[in-house]
Amino acid sequence: RRRSRFRGRFDRNNPFFSMSQTAVTGGGDSGSSSQASRISEAVIRIAGNSQDGIQSIGGFLARLAGRSEQEVMTMMTIPSTISGGPSIFQVRLGSGEVLSAGDQADVLLAFYNHSYEGHIGNLREGGIVVYDSDHVDPNEEWLVKYRHIGIAISSLTVEAIGGTTRDKGKNIFALGLIGRMFNLNLEKLEGLINERFAAKGESVVKPAMDAFQAGYRYHSDDISNLFEFSISDVDRTNQVVMSGNEAIGYGLIAAGVRFGAAYPITPWSDIMEMLRRELPKYGGAFIQCEDEIAAVSMAIGAGYAGRVSVTGSSGPGISLKTEAIGWAVMAEVPLVVVDIQRGGPSTGLPTNVEQSDLNIACFGGHGDSPRVVLAASDVEDCFYTAMEAVDIARRYSVPVMLLSDQAIATRIEAFEEPKLKEICQDLSPDLTPVPTHKPYDLESETGASHHRPPGTRIEDGRYPVATGLEHDEWGHPTSSPDLHDAMTKKRRNKIHFLSKELPVPEIHGADSGEVLLVGWGSTTGPLYEAVDKSLEKGEFLSAIKIRHINPLPNGLEDIFSKFKKIYVVEMNDGGVHGYGQLAGLLRARFADPRIQGINKTDALRWKVWEIIDRVKEVSA
């Protein structure tokens, strides 16, 4: 689904960040007569400590964008320690298509000196710094390079709601300042605040609303109604706004999942908590188990009982689940395993992004244990990829690994509301009696096995079993060399059969040329934006994303043949031979030395300029 590109960004030649577009009278909600410059998008970075609730500010802005028919994408970093620490939330919103969270910020909101000094380098030259003058001492050198607006945020919050709650209120005060700065809809913002805090009672709602109104009505010509977003020409009246983790959870529910089991781990836990809350509303259940092994085993048990069930984790937990996943491969039980990737190995970087679980997703476990691996590329894709994972697991009785990562999991996007009445499924077990049942039928056209739920009457009295031992067509254990060979091929062939129905990736950019960029997961958006920016400069790049990683779709070789150079852009190590995990899979599949890697392991998302610079570097 492609939409109109952004037009009319900030005029970077103006040191005060003014617009070259039409100036409009702002302040419709406040009565101000100041002139607001009309803009199509803005990137706002909020920097402080995790205890300050800066994620709440960004979340409110993102959800407002969704309700205001705007595009939005966010990015956040949080400390991995329980005690907290420096944190940021970046939100890019506007009236055109958003492919990434933005390389540089247009506005920096800084609560402390470390926030100011640590993040002003991410501000565009001529950008605006809004800082808490109670805690930030501006640098004289930067006063010339950036526009500074100092406001005593902490003191004014105390004045508005009282000293005992200032640490919990200054984020909402700052939200009010941003609302005034961009002439955002006052009524909708107040509605979002009410929704967020209503369950906590009036004692929480009132101080929050007081803080917000104090910030929104703060009077200063420096900040009042500086900008106003232009109206999009794209109809987005039916948008939903959510994070990547939420989208996976709702996608699983829409697909018919009614049982899951897991153990908490960052950044997977949000999905677990969401399913624990939501599944009972649909007659389902989600169990928090004592460990990862118990969780995956319980999910497999539900799969054997006739349900497509889900378990999930991040890298360390996936390692623990691998033996049981092998059992599901052998017994051919449907299972969805969600892996929200983070930095590794071991405990690694719990709150940072990486794409280094691809190998364990494809090959984790002993023996020949083929499974399906899918990778979601953005928040909307999380919803539909979760549905596809359930569908494949059900149709082919196979474990499906669904890969996301910390960048997608925690960011918020707006997308067209799914047509739930058309796509929701009921996967209730079918207990209809059958004359006979041979679950591991070697004559199956697709190679897929389909178990009858326990309790189903088999009229000939030959009831099959499920086991991790090699077995015959009824599941009875065997050590026959011929049967092991036949069953191994059967389990492999159903993955091969699936590859025939997978769609060929669409090319973003020219259909042929010098350089093709290949990405997966959260690298996709920056990759596509790099293609667009190169085109604006008269340079030509093309890109594809790969969602179906195991098996790979047929037809990739035809795409690759049209380009002289193929670079796989990933957030993992380049390895001994100079290419990462997806590049290794592609080289193994196509034996093509043109496939090279562009890799990084700084635990940060790809920026557009990084991709462009690295392409120039390796192509030189």
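A salt bridge here is a side-chain nitrogen of Lys or Arg within 4 Å of a carboxyl oxygen of Asp or Glu. Side chains of opposite charge can pair when their charged atoms come close. The model is predicted, so to speak, from end to end: local features need pLDDT of at least 70, side-chain atom pairs count only at pLDDT 80 or more, and totals for chains, interfaces and linings use all residues. Residues are numbered from 1 along each chain as its sequence is written, and side-chain values use heavy atoms, with hydrogens and water left out.

A search of the whole structure turns up 33 salt bridges. One of them pairs R63 with E246, whose closest N and O atoms are 3.6 Å apart. R63 sits in helix α1 (residues 54–67) and E246 in helix α8 (residues 244–255), so this pair ties together parts that are 183 residues apart in sequence. Helices (H or I, at least four residues) and strands (E, at least two) are DSSP runs, numbered from the N terminus. As for exposure, buried means under 20% relative accessible area, exposed over 50%, and partly exposed in between (1.4 Å probe, protein chains only). R63 comes out as partly exposed, with a relative accessible area of 28%, and E246 is partly exposed too, at 26%.

Another salt bridge joins the side chains of R92 and E529, at 3.1 Å from N to O. This pair links distant parts of the chain, with R92 in strand β5 (residues 86–94) and E529 in helix α17 (residues 524–536), 437 residues apart. Both R92 and E529 are buried.

K321 and E292 form a salt bridge as well, with their closest N and O atoms 2.9 Å apart. K321 belongs to helix α11 (residues 315–331) and E292 to helix α10 (residues 292–304), so the pair ties together parts that are 29 residues apart in sequence. K321 counts as buried, at 0% relative accessibility, and E292 is buried with a relative accessible area of 4%. Elsewhere, salt bridges that share partners join D391, R394, R395 and E501 into one network.

Next comes strand β14 (residues 335–341), which is mostly covered, with seven of its seven residues buried. In a regular strand the side chains alternate between the two faces of the sheet. In β14 both faces are covered: L335, V337, D339 and Q341 are buried on one side, and V336, V338 and I340 on the other.

Strands count as paired if DSSP finds at least two bridges between them. β14 runs parallel to strand β13 (residues 309–313), and five bridges join the two; here G312 stands opposite V338 in β14. β14 also runs parallel to strand β16 (residues 399–405), this time with seven bridges, and Q341 stands opposite D405 in β16. Together, β13, α11 and β14 make a right-handed β-α-β unit, meaning that, with the strands pointing away from the viewer, the path from the first strand over the helix to the second runs clockwise.

Finally, there is T467, found in the loop between α15 (420–423) and α16 (481–499). T467 counts as buried, at 13% relative accessibility. Leaving aside neighbours within four places in sequence, T467 is in contact (heavy atoms within 4.5 Å) with W327, M330, A331 and G475. The side chain of T467 also reaches the backbone nitrogen of L469 at 3.0 Å.

Notes: A polar contact is a pair of N or O atoms within 3.5 Å; within protein, one must be able to donate a hydrogen and the other to accept it, and residues adjacent in sequence count only if both atoms are side-chain atoms.
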